[in-house]
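Please open the model in the viewer and keep the sequence panel beside it. The tour begins with the whole chain and then moves to individual residues.

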Amino acid sequence: MLSIFQKKTNSELESLINSTKSSMQNNYKDMAQDYFKDFCKKYNELMESGALNDKQKNYYSEQRDILTEELKGFTHKDQKPYWH
């Protein structure tokens, strides 16, 4: 039963990562930031609950760092990124 939960966890986080990247590719700046904010929230929840194993923690931490870097400056001209 634990493996079913972990599979669902992966799909939720993967879906948020994919939605963030897709929004970035389509230049949907607000939507990309929203998806990334949701990803970070869900990642933190899963970290606090202990639902992620070490391999998952490392992978999603790396993905968060990559997306954080890619989203720097990915805003409208006068908008500040609010996912910080």
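Two residues are in contact when heavy atoms of theirs lie within 4.5 Å. In this predicted model, contacts between residues 24 or more positions apart make up 70% of those in the chain with a separation of 6 or more.

**The whole chain**

The chain holds 3 helices and 0 strands. Next, switch to a surface view. Of the 84 residues, 29% count as buried.

**Ser-23**

Select Ser-23, which sits in helix α1. Is Ser-23 buried or exposed? Its relative accessible area is 4%, and because the limit for buried is under 20%, Ser-23 counts as buried. Now show the residues around this serine. Beyond the neighbours within four places in sequence, Ser-23 contacts Tyr-28, Met-31, Ala-32 and Tyr-35.

**Asn-27**

Move on to Asn-27, in the loop that joins α1 (2-25) to α2 (29-49). What is the phi value of Asn-27? Phi is near 65° there, a positive value in a residue other than glycine. With the surface shown again, consider the accessibility of this asparagine. Asn-27 has 46% relative accessibility and therefore counts as partly exposed, since that class lies between the 20% limit for buried and the 50% limit for exposed.

Technical notes. Residues are numbered from 1 along each chain as its sequence is written. This is a predicted model: local features need pLDDT of at least 70, side-chain atom pairs count only at pLDDT 80 or more; totals for chains, interfaces and linings use all residues. Side-chain values use heavy atoms; hydrogens and water are left out. Helices (H or I, at least four residues) and strands (E, at least two) are DSSP runs, numbered from the N terminus. Buried means under 20% relative accessible area, exposed over 50%, partly exposed in between (1.4 Å probe, protein chains only).
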